[in-house]
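User: I'm new to this one and would like a quick tour. Can we go through it question by question?

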Protein chains: 2
Amino acid sequence: MSAPRQIRWGFIGASLWASRYLVPAVRAQPDAVGVGIFSSSRERGEEFAASNGLERSYASIDDLLDDDGIDAVYISTTNDLHAEQTIAAAAAGKHVLCEKPLALTVADALRMREACARAGVVFATDHHLRAAPTIAAMRELVAAGEIGDLVAGRVFHARGLGEEFKGWRLERPEAGGGVVLDVTVHDADVVRFLFDDEVAEVTAMGANQGLAGAGLEDSVMGVMRMRTGGQLVSFHDAFTVPHASTGVELFGTEGALSGRDVIDAEPVGQVFLRRGDEVREIEIAERNPIYVEAVRRFDAAVRGEGTPLAGGDDGIAALAVAIAAIESARTGRAVPVPTQI
Amino acid sequence: MSAPRQIRWGFIGASLWASRYLVPAVRAQPDAVGVGIFSSSRERGEEFAASNGLERSYASIDDLLDDDGIDAVYISTTNDLHAEQTIAAAAAGKHVLCEKPLALTVADALRMREACARAGVVFATDHHLRAAPTIAAMRELVAAGEIGDLVAGRVFHARGLGEEFKGWRLERPEAGGGVVLDVTVHDADVVRFLFDDEVAEVTAMGANQGLAGAGLEDSVMGVMRMRTGGQLVSFHDAFTVPHASTGVELFGTEGALSGRDVIDAEPVGQVFLRRGDEVREIEIAERNPIYVEAVRRFDAAVRGEGTPLAGGDDGIAALAVAIAAIESARTGRAVPVPTQI
């Protein structure tokens, strides 16, 4: 691929996330533009194009992918559609930013990676939290040795589910619904990012507390064991906990970091550094919009300048952890995360 | 047993806990007195008696149990000795307050209960946290419906282990060392107390991070599932996390309670009530010494006035959860907690 002067974006899936975050983030770039949308509902696509200032609404995904005026696509359809749409986009020479989870199986995610590699297109996963200024600061503090060697971690991502997100997430197992594929997959990426390590093993317990439909967890708690460091990291993910803040906690031999309200698509939240009984807030120098940074990194990667925020490999690794968590919750056994990926 | 005018205490085990908490708590009662000590080290027993103002140091446990001037014993030897010492004390007609964990197996704990029932003596477990003013306040707020129906909980009991507690806890599996029997057993009682429910199932992952000896966990994380309510409750217990506060969090349909620094033998810590994004601190009206209340309740039970803070049944139930956690950590399987106890 030659690097385009301007990155021209197509959107596959007329999702809330696309309109709320991705379209504005593309618009915020000096050298990118949102061009068109494909939605399985023609009506919804037309509305999305109109309300988001896109010039085209395609009648089919093939029409979008055949458009030489599109360089990159953001895929935010239901989870079961990501794999084939990514593979088709790659075959059409489009760079792909795919929503998490990449797919419903690791095998599908590996096919996506292979298709993108063969086509020579950028393949990235929308693990946007790496660009959260709080979480990025935590990673820098850890890398700088501020809390010594990591000994444990905790991730809290239990909230109530906003009315606007109820739907297939709660009702369609075959579409990749449930809290683990929606939320735990993010935890896995955050943990990999902060520990700079892979997850070796996961144990989890799930519950259906009456919000999700039959066969889907709306609440899960579990533990990951890190591969190199051997540390334990707990996670609590739920759609059923309306009165809670999100959080990420890292404990080290010389101190601890606590991020409060840091799991968010907006650059909000606070980070505290603890040493003994002393706790002080870490000043977050810049609170740039998370998705503007995510799209900037993606566009730069398309131009051959650096890597996306989270690559396909990151998405595959996080998916593998989430799938291990689902298997653990359903079998009652700790599940190893495959290493060959 | 006729109710004695004054409860006369004997101490089995010259532990730090006995000298720091139990002896002063007995002394603080208007109608109790500390009489004597048995330690397996005669020298240590003499020193303990002298420095704690006890008139007698017994040469053998039988000498203590044969003393008609002792009504009740506090047993704080290593965990492997609790069962036989409790059974011997009961046979001698002494009321028993036993340190947690009651024993190394549920079967032993059931034998202890049977021996105490047969002898007609009070059998209590030192789960002192029920008398922590913060935790008691949380229970009252839950019972009053302040946070609606409980949907989830978290317990954090990871700290560094004080130098004074290093020893058999880290080095002797056969004495009942390791973080689960020492700490998770407390979590189990706190969770049972706050949820007013039993634990049905436990999954756990353990680690040895170089502090404990071979074959012992110095760090554990896991999840309990409550029997009646089905809620998930996470726990993180460790000797290897020096920069952390303890905590207990309860999430409900109408609010949440967060107890910070509440797992302590002193009446410290704070409780916060959250509703939506609003958080306010709950005023803790009285911060009475925890062990003074624990001994008061025990002494009252001896007089036939009410029940001890945590009975033998409570200790058995908490032990069963801890043993399930150990089994889960070692087998990688979720382990049901037996119901027949």
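User: How many residues of helix 8 of chain B are buried?

Analyst: A quick note before we start: this is a predicted model, where local features need pLDDT of at least 70 and side-chain atom pairs count only at pLDDT 80 or more, while totals for chains, interfaces and linings use all residues. Residues are numbered from 1 along each chain as its sequence is written, chains are lettered from A and ligands numbered from 1 in the order in which they are written, and side-chain values use heavy atoms, with hydrogens and water left out. Helices (DSSP runs of H or I, at least four residues) are numbered from the N terminus, and buried means under 20% relative accessible area, exposed over 50%, partly exposed in between (1.4 Å probe, protein chains only). Helix 8 of chain B is mostly covered, and its buried count is 17 of 17 residues.

User: How far apart are the end C-alpha atoms of helix 8 of chain B?

Analyst: The expected span is 1.5 Å times one less than the number of residues. With 17 residues (179–195), helix 8 of chain B should therefore span 24 Å, and the model agrees, with the end C-alpha atoms 23 Å apart.

User: What area is buried between chain A and chain B?

Analyst: The size of an interface is often given as the accessible area lost when the parts come together. Here that loss (1.4 Å probe) is summed over both parts. In contact (heavy atoms within 4.5 Å) are 44 residues of chain A and 44 residues of chain B. Carbon and sulfur atoms give 61% of the buried area, which is about 3,200 Å².

User: Which three residues supply more than any other three of the area that chain A buries against chain B?

Analyst: Together the trio supplies 24% of what chain A buries there. The names are A:Met205, A:Met221 and A:His243.

User: Which strand of chain A gives the most to the side that touches chain B?

Analyst: Strands are DSSP runs of E, at least two residues. Several strands of chain A supply at least two residues each, including strand 8 (199–207), strand 9 (219–226) and strand 10 (232–238). The top contributor, with 7 residues, is strand 9.

User: How many salt bridges are there between chain A and chain B?

Analyst: A salt bridge is a side-chain nitrogen of Lys or Arg within 4 Å of a carboxyl oxygen of Asp or Glu. Over all chains the count comes to 52. Between chain A and chain B, though, the count is 0.

User: How many residues apart in sequence are the parts that A:Asp314 and A:Arg192 tie together?

Analyst: These two form a salt bridge, with the closest N and O atoms 3.1 Å apart. Both count as buried, A:Asp314 at 17% relative accessibility and A:Arg192 at 8%. A:Asp314 lies in helix 10 (312–331) of chain A and A:Arg192 in helix 8 (179–195) of chain A, so the parts tied together are 122 residues apart.

User: Where do B:Glu46 and B:Arg42 both lie?

Analyst: B:Glu46 forms a salt bridge with B:Arg42, the closest N and O atoms being 3.1 Å apart. B:Glu46 is partly exposed at 39% relative accessible area, and B:Arg42 is partly exposed at 41%. They sit 4 residues apart, about one turn, in helix 2 (42–52) of chain B.

Methods
Buried area is the accessible area (1.4 Å probe) that two parts lose on being put together, summed over both.
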